[in-house]
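I opened this notebook to record what I looked up in one structure, entry by entry. The sequence and the coordinates come first, and my notes follow.

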Amino acid sequence: MPLFVPAYYPAFRCIAGDCQHSCCIGWEIDIDPVTLARYNALPPRERKEILSHTVTQKGCTSFRLTGDERCPFLTDGGLCRLILAHGDGILCDICREHPRFYNSFSDRTEAGVGLCCEAAARLILTDPEPFHLICIENDASDENAVTDPFEADFFSERSDVFRILCDRSLPLSERIDGLLARYSLSRAAIYESDRRWQKIYRSLERLDPAWDAALSAWENASLPASGITEPLIESAVEQLIAYFLYRHLADAICDGRFSERIAFALLSAHVICSIAIAIGGASAIAPLIDTLIDTARAYSAEVEYDEDNVEAILSELEAL
Ligand code: SF4
């Protein structure tokens, strides 16, 4: 089966000990049955060392986080003791795959790296090339050669979406207008209703107090969020929209909410920009790109990676 990925994907590298928001802190990691069987087959001393840091509830075994919510195998230097002792092959599926995600279709699989990882967020937002896919396994000559007619329609429509979004002969604002018009979406409802969206984002489940502070900065901001005209920032915003489209549009094949997910991608990029500008100020471009990357990472962890939160936003967009 061909495996398609964004062109930036092969350049992804975990920055491990240099990561400020390690995925080994604060997330419950379930151990898949195949890996658990491998742990159980280890020599007694190694088996005991690993399994003594796990907990099993309702048939599911996971690593028991420490009091400060760290993976028990995370060193003070931000490295994984399991990898140091046994190599990459010791990892369970979740640890090995994070932050990768997959969307499966009849004739292909599509993968990407999730924005909640700070290394992935930097890679995505600083990619200078317009978003496009490459095939890295079982090469297929035609990206759009699909046998399922329903999926063929989906890929055709999605190609048009990316063609509009990535047409750099036009300013990004005109490309966004093109998407809004094609899907009969209201500019005012997405871009000029911050007070309403601030209440909705406040009502979502939240993990990190830092996200509360980010939302407060947005709520208290007096700056308009329209100052995204610097090429560096415009390119980053285009990549943000492309990321959300690529990752989330595929679910429309199951539930038909294609235009709602276009709106979700546009709204998400708008909210991230608005918060980054509120935190970082609209004038200093170099710090703003760093703030944008960190805000995108936080948004992804707080909103995008929580299915209930995404569903809440989609329902609001559906009701517009
Ligand atoms: S969040 Fe990303 S960069 Fe940080 S430790 Fe996890 S995979 Fe590595």
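Which residue forms a salt bridge with Glu 304, and how many Å apart are the closest N and O atoms? I looked this up in what is a predicted model, and found that the partner is Arg 247, with the closest N and O atoms 3.9 Å apart. Glu 304 lies in helix H14 (residues 285-304) and Arg 247 in helix H11 (residues 231-248), so the pair ties together parts that are 57 residues apart in sequence. I then checked how covered the two partners are: Glu 304 has a relative accessibility of 6% and counts as buried, and Arg 247, with a relative accessible area of 16%, is buried too. Since a salt bridge is counted here for a nitrogen within 4 Å of a carboxyl oxygen, I note that the pair has 3.9 Å between its closest atoms.

**Other salt bridges**

I looked next at Arg 297, whose side chain meets that of Asp 294 in a salt bridge of 2.9 Å, N to O. Both residues lie in helix H14, three residues apart, which is about one turn of the helix. Are the two partners buried or exposed? Arg 297 counts as buried at 10% relative accessibility, whereas Asp 294, at 34%, counts as partly exposed. From there I followed salt bridges that share partners, and found that they join Asp 255, Arg 257, Arg 261, Glu 311 and Glu 318 into one network.

A further pair that I wrote down is Glu 110 with Arg 108, where the closest N and O atoms of the salt bridge are 2.7 Å apart, and where both residues are buried. By the rule I used, the count comes to 22 salt bridges.

**The ligand shell**

Which residues are around the ligand? I listed Cys 14, Ile 15, Cys 19, His 21, Ser 22, Cys 23, His 98, Cys 117 and Ala 119. When I sorted this shell by residue type, it divided into six nonpolar, three polar and no charged residues.

**Backbone entries**

His 98, which is one of the residues around the ligand, also turned up in my backbone check, where a cis peptide bond joins His 98 and Pro 99, with omega at about 5°. Pro 99 itself has its place in the loop between helix H4 (93-97) and strand S4 (100-104).

I placed Lys 58 in the loop between strand S2 (54-57) and strand S3 (60-63), where it counts as exposed at 89% relative accessibility. Glu 69 is not a glycine either, yet it has a positive phi of about 70°; Glu 69 lies in the loop between S3 and helix H3 (81-86), and with a relative accessible area of 41% it is partly exposed.

**Two aspartates**

I looked up Asp 148 and found it in the loop between strand S6 (133-137) and H6, partly exposed with a relative accessible area of 26%. Which residues is Asp 148 in contact with, leaving aside its neighbours within four places in sequence? The contacts are Ser 106 and Asp 107. I also noted that the C-alpha atoms of Asp 148 and Phe 105 are separated by 9.0 Å, although the two residues are 43 residues apart along the chain.

Asp 153 lies in helix H6 (residues 149-165) and counts as exposed at 54% relative accessibility. Asp 153 and Ile 200 are 47 residues apart in sequence, and I read 33 Å between their C-alpha atoms.

**The whole chain**

The C-alpha atoms fill a box of roughly 65 × 50 × 35 Å along the principal axes, and buried residues make up 45% of the 320 residues. Among contacts between residues at least 6 apart in sequence, I noted that 72% join residues at least 24 apart. The accessible surface comes to about 15,400 Å², and 53% of it belongs to carbon and sulfur atoms.

Methods. Residues are numbered from 1 along each chain as its sequence is written. This is a predicted model: local features need pLDDT of at least 70, side-chain atom pairs count only at pLDDT 80 or more; totals for chains, interfaces and linings use all residues. Side-chain values use heavy atoms; hydrogens and water are left out. Buried means under 20% relative accessible area, exposed over 50%, partly exposed in between (1.4 Å probe, protein chains only). Helices (H or I, at least four residues) and strands (E, at least two) are DSSP runs, numbered from the N terminus. A residue is near a molecule or strand if one of its heavy atoms lies within 4 Å of it. Ala, Val, Leu, Ile, Met, Phe, Trp, Tyr, Cys and Pro count as nonpolar, Asp, Glu, Lys and Arg as charged, and the others, Gly among them, as polar. Contact means heavy atoms within 4.5 Å. Accessible areas come from the Shrake-Rupley method with a 1.4 Å probe; for residues, only the protein chains shown count as cover.
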